[in-house]
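This report walks through a protein model from a few single residues to the whole chain. Please keep the sequence and the structure in view while reading.

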Amino acid sequence: MNLNQLQNGLEQAFCDENHRLVFWYDPEQSFKESVSELDLPDVTVLNMDGRSTLETKLLLELEDAEGRYLLYFPGPEPEPENDWLLDIKLYSRTFHADRISMIFNDLGLQQQSLRQHLSLREKFFSNKARVESLKRYIQPDADEEMLDLGMIAVVIGAFSADVPTILFTLADELAEEDAGLETPPPSLKELEKFQLVPALVSALQTEVGYPASTEELKGEADFHFGQFLIRLLTTGFCESIGDIPDWARSIAISTANARATSRAMLSRWRDSSRYYEAYDKVSGWVANALNIKSRISDLPIDLLAQVVTFQEVENRILVELVSAIPQAQPSALAVFTRLISDRLDGYWASRHKDDDIRRRYRTVYTAISAAIDLFALRQQHADGFHYTSVEQLYKAYESELYLFDMHYRHYCAASRKAHVELLKQLDEAVESCYANWYLDRLASNWSEKLESEQALTHWRVPGISNQHDFYRRWVHLQFEGRNSSKRLVVIISDAFRYEAAVELRERINVKRYSEAKLHSQLGVLPSYTSLGMASLLPHQTLEYRDGTSGDVLVDGQSTANTAARNKILTAHNGMAVTADDVKGWSRDQGREILKDQQLVYVYHNVVDARGDSASTESETFDAVEDAIEELTELSRKIMMHFNTSTVLITADHGFLYQRSKLDAVDRTSLVDKPDNLTKSKKRYVIAQSLPDTNGAWRGNTRDTAGTSCDTQFWIPKGANRFHFVGGARFVHGGAMPQEIVVPVLTVHQLRGEKAARRDRRPVEVISAKTNLKMVNNIQRFDLMQTEAVSDFVTPVTLAVAIYEGEQKVSSEEVVTFDSTSESVSERVKSVRLSLSGTDFDRNCDYHLVLKNKDLNTEVERYRVVIDLAFTDDFF
């Protein structure tokens, strides 16, 4: 050891815990000549060779009680009973200058007994870089176990020296190697080189009871990391199902503490953003090794409901749901809904991890949830539809029946996105429910009422305005009594139907500074673009004229395109633009363009553009979602950037769409089709004069659209098509509610107190009990949602665990509280927590902590008494 090393070691000795006195015993007198060469700032070096002990004691305690001194003894340390300076030494630091002692000092350790342990790890300490790295893992009060864990962490490159992190790091390395469970991670060989494997096994014994006895492991060569992982995950699986199956009895670690700690450790592993991908791979290997797919094939899904250990469990639950849903009773469907809610909070479908696996599972669960909603709604109307009037059925569609179309859309969109074989069986059941049951029965009841009331000759529904009255009923009224400088923007989205507008309203109302209210209007017949767009413009007359190729004229002017509509609106201090134009405007550009405009019509075409084409009609429901997103953003931009406080969103017509191909029974043949047709499409035929025909309704646009001319049309009854040319799954033009219940969404910008009253807050969740006590390693806690979720009280996802101070000492469970029920009992959810370890004191402070998972903020904290009488019981 050179003088610099010696001096650095002594300086460190004085710095540790700010010691002012350091005793240095040199029995071999190896450094007797070097003492005089030491240069220690603000330290007096006393060579105790021949110096009076009493004199020294008086100096240090009376004459200079603040000074810093190094007491060098060129001899061995005396026994305590013969040490006259023992009382001083008790509050001082002792320095040793041999290599192990220098390492001891360099690491800042306090327990002198660790010197022998350090000598057993001399091979590890032969590298200075390893010694330097070890410093960040250990504290001065470290014991042998902490020191070994720190050394293990250095060797394998773990970012902390606790047992779980060491385990996760080795597993991550194993996953990176991608060689399966049979090949140990390379770092394990390094641990063997430094004789640290027994320390690792000992730590695993303490943490999770592995191995169950020392007889199971006689040497380093007996430790197989892959086998340990199999035992760990099997133990976690058995704990989750509450039993050890026969096949697992020789594998699972059976003590209660091992079960609880294993579950807590696996929970921490899965929750780790750093290591969870390694868990995915390792759990797959373990599942294959155990043939877990076969093992769980006979287990009921209620037993598997809390299991997240293996991906095969998720697949098994999905298979059972897909099979059971179409025939399930309402009570079972409600159970399935709760199960899906739990699985979405679980590991494999977690929205807090955004990767292909989780996205796929979330999408599949979205599809299944929509199917549940669809079948539950069907059961509410098991006898079909028997409304007594057009008015009653129209308003039933407006208030409830639209949900059939919404749930079907949600299912089809999610199923198409998931694109998994698993859903094919459910695809068929959903299609049968929607296309063969719902559409048929709705069409039957609707057609019956239209015919019995001769509705096409007086196209009115009490309390509902007609689409051709849109300007007078919705636009003109906005300006009455208003300052003329106010601007109104009307967005017309082609083929944007009522059920999509319901969802759009919900999206807009999430925003603090806007409020949307939804109504409907009775669409024109035939329900197609040219007539619908014209009817929405300000006008005195609507008409068809010969030689205009079906163009609908407003007060004698063409409405065929945006430029033609702009010309009409100019007379009303307005203009017409496309949504693409508006999306491209900057704030300043938009304000400049609109500064003199009182009325702006914005034409938006997303749904019809993709739906009304054979090549893209399969994307119809994707287009609806895109339209909802675009309209949400478009209305926000117009109000926030362009000095506009009110936006109306409506459509020219709705549409019918079914995923399955149609066949001959869905076609209405027209054997007596005239030659002089104005327009002929899948759902309508227009001509100046048409005869009656079997299978189709004949009407006059004077009655159904308020035209000033007697233009006639045919539309097929129900949901039929006249022909299938150019695609037939997406259609409009007829009189089905999906086509003619046209939305009118009024969006107002809110300011000041009105905006403040719309502040949204997460729902409050509390413990159902105030006095909490754990007497078992694994225990359930009931949590209660204090109120129903509503427009301004939002769902909350909580991460729940037991803490000692800021240290988590249990598994963590994620649970979402989103109940809209007014029943308190239906707003209670349970979490099952497993303690990690055994060292719990009933007199210590532990807390059940509820954290907002999305914000990582603490919501509630409850004191928990942990009083474990026994920790070594068996299943």
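Gln195 sits in the loop between H9 and helix H10 (197-208). The model is a predicted one, and in it the phi angle of Gln195 is near 55°, which is a positive value in a residue other than glycine. Is Gln195 buried, partly exposed or exposed? With a relative accessible area of 48%, Gln195 is partly exposed, because that class covers the values between under 20%, called buried, and over 50%, called exposed.

Asp178 also has a phi near 55°, again a positive value in a residue other than glycine. Its place is the loop between helix H8 (163-177) and helix H9 (186-193). As background, most residues other than glycine have a negative phi, and most peptide bonds are trans. Pro526 belongs to the loop between strand S7 (514-522) and helix H23 (529-536).

| Site | Angle |
|---|---|
| Asp178 | phi near 55° |
| Gln195 | phi near 55° |

Other residues show how cover by the rest of the protein can be read from a percentage. Arg316, which lies in helix H16 (residues 311-324), has a relative accessibility of 14% and therefore counts as buried. If its neighbours within four places in sequence are left aside, Arg316 is in contact with Ile296, Ser297, Asp298, Leu299 and Leu304. Gln598 is found in the loop between helix H26 (587-594) and strand S11 (599-604), and at 17% relative accessibility Gln598 counts as buried too. How far apart in space are Gln598 and Glu61, C-alpha to C-alpha? The two are 93 Å apart in space, while in sequence they are separated by 537 residues.

Turning to the whole protein, the secondary structure comes to 31 helices and 30 strands. The C-alpha trace spans about 130 × 65 × 50 Å along its principal axes, and the radius of gyration is 39 Å, whereas a compact globule of 875 residues would have one near 29 Å. Of the 875 residues, 55% count as buried. The accessible surface amounts to about 38700 Å², and 46% of this area belongs to carbon and sulfur atoms. Among the contacts with a separation of 6 or more, 71% are accounted for by residues 24 or more positions apart.

Finally, a careful reader should ask about confidence. The mean pLDDT of the protein is 91, and 96% of its residues reach 70 or more. Over residues 871-875, however, the pLDDT is below 50, although this stretch has 19 contacts in the model beyond near neighbours in sequence. Where pLDDT is low, the predicted coordinates should not be read in detail.

Key
Residues are numbered from 1 along each chain as its sequence is written. This is a predicted model: local features need pLDDT of at least 70, side-chain atom pairs count only at pLDDT 80 or more; totals for chains, interfaces and linings use all residues. Side-chain values use heavy atoms; hydrogens and water are left out. Helices (H or I, at least four residues) and strands (E, at least two) are DSSP runs, numbered from the N terminus. The radius of gyration is taken over C-alpha atoms; the globule rule is 2.2 Å times the number of residues to the power 0.38. Buried means under 20% relative accessible area, exposed over 50%, partly exposed in between (1.4 Å probe, protein chains only). Contact means heavy atoms within 4.5 Å. Accessible areas come from the Shrake-Rupley method with a 1.4 Å probe; for residues, only the protein chains shown count as cover. pLDDT is the predictor's confidence in each residue, from 0 to 100.
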